[in-house]
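Grab a pencil and have a look at the fold below.

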Amino acid sequence: MNNILADRLKESRVLLADGATGTNLFGMGLETGDSPELWNTDHPERITKLHQSFVDAGSDIILTNSFGGTHYRLALHNAGHRVEELNVNAAQIARKVADGASKKVLVAGSIGPTGEILAPNGPVSIEDAAAAFKEQALALKKGGVDIMWIETISSAEEIEAAVTGVASLGMPIVYTVSIDTNGRTMMGLTAEDTVRISTSLNTHITAVGTNCGVGASEVVAAVKNLSTARDTLGVRPALVAKANCGIPEYIDGEIVYNGTPELMASYAAMAANAGASIIGGCCGTSPLHVQAMRDAIDQYQPAPTPSLDEIAEQLGEVSQGARAQLSGDLSVAGGSATGRGARTSRRRKKPPTNDA
Ligand SMILES: [Zn+2]
């Protein structure tokens, strides 16, 4: 298979992805509860502007505005019948910006969770979910994306459904999970599980990783765990880090992310040293932050993987669950929500940057 993402990864040690879609669109007038995907037809010029600002900031990969583009999610906005139209438009808008760039920019078709709980824990079968992902993926391909980018997933079943849905399209596949519950996803997946799942799927996965979650420190710790898992399992998918811009705070009725451009620059270098080769930002990450990450990556000098203490010092506290996993404790207790790991945090440090 011709794999444009694998080719680009051979040319560059680190590829810079983009920043947030949702939180930046809020800044452009999107209201809480609105579907960002409807803007692909209602306000395409605003989506173009956001993509352009990330390309101008130096992104090598931009993600389409199609995170909630399955019929399950669109149905919540009475647009379940508009999957093809909204996803084709999402892809075309991003494609046009990428093709107008002065350097090579890849377009990743963003595919988020269905929002449904899949069998055996919930009512939607893996086959039905896979069909929904395929419907979305076909439209994204038709609109011209280069990559199928499955993100913010929390269950093994949903990874399976999404990968199964997109696999027949013959495009590079990336999936990332949201590690937000003491070193695990909401549905209990560790970083090791995330890599292991890629070995059980009947198709090639170009990159796996983590996005969103609870802040840059936790994402870098997860990349360390992903990297260890890769060595243990003897597989080499590229690793993706797409961290939120610090920790969300509720200020004057609005959710604000507290990460500075400096914090995101440190995060980018640390994520690279931990083994990530595709690095971007998730919620709260503005073009200004992406520009700081571009500079950090351009000036990047390879260094040993950061220690947990270095991560905590520069980016903020690391959960006990992630720490326990790094010390080799993959038991339920090692990453449980109660946080009783084999190795507890001995030196608690205030996260200096995150408190700013
Ligand atoms: Zn996010």
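The exercises go from the sheet to the helices, then to the core and a few single residues.

Before we start, note that this is a predicted model: local features need pLDDT of at least 70, side-chain atom pairs count only at pLDDT 80 or more, and totals for chains, interfaces and linings use all residues. Residues are numbered from 1 along each chain as its sequence is written.

**Exercise 1. Work out the strand order of the open sheet and find its edge strands.**

Step 1: Helices (H or I, at least four residues) and strands (E, at least two) are DSSP runs, numbered from the N terminus. Two strands pair if DSSP finds at least two bridges between them.

Step 2: walk across the sheet. Its eight strands come in the order β1-β10-β7-β6-β5-β4-β3-β2, with parallel pairing.

Step 3: look at the ends. β1 (15–16) and β2 (61–63) are the edge strands, as each pairs on one side only.

Step 4: zoom in on one pair. β6 (residues 207–212) and β7 (residues 238–243) run parallel and are joined by six bridges. Take Asn211: its bridge partner in β7 is Lys242.

**Exercise 2. Find what helices α6 and α7 touch on the sheet, and how they run relative to β3.**

Step 1: for directions, axes are lines fitted to C-alpha atoms (for helices over the stretch in contact), and angles run from 0 to 180 degrees between N-to-C directions. For touching, two residues are in contact if their C-beta atoms, placed from the backbone, lie within 7 Å.

Step 2: α6 (residues 83–99) lies across β2 and β3 (106–111), at about 160° to β3. Helix α7 (residues 126–143) packs on the sheet too, touching β3 and β4 (147–153), and its direction makes about 155° with that of β3.

**Exercise 3. Describe how α10 packs with α11.**

Step 1: α10 (residues 216–233) and α11 (residues 261–274) pack at about 10°, and their axes are 9 Å apart.

Step 2: list some of the contact residues. Among them are Val219, Val220 and Val223 in α10, and Tyr267, Met270 and Ala271 in α11.

**Exercise 4. Which residues have the most contacts inside the largest nonpolar core?**

Step 1: a nonpolar core is a set of buried Ala, Val, Leu, Ile, Met, Phe, Trp, Tyr and Cys residues joined through C-beta atoms within 7 Å. Buried means 20 or more other C-beta atoms within 10 Å of the residue's own; 12 or fewer is exposed, in between is partly exposed, and C-beta atoms are placed from the backbone.

Step 2: the largest core has 104 residues, and Val220, Ala271 and Ile279 have the most contacts inside it. Helix α11 gives the most to this core, with nine residues.

Step 3: follow one of them. Not counting residues up to four places away in sequence, Ala271 touches Val219, Val220, Val223, Ala241, Ala276 and Ile279.

**Exercise 5. Are Asn78 and Asn182 buried or exposed?**

Step 1: Asn78 sits in the loop between α5 (71–75) and α6, and its phi is near 55°, positive though it isn't a glycine. It counts as exposed because it has 10 C-beta neighbours inside 10 Å.

Step 2: Asn182, in the loop between β5 (173–177) and α9 (191–200), also has a positive phi, about 50°. Asn182 has 22 other C-beta atoms within 10 Å, so it is buried.
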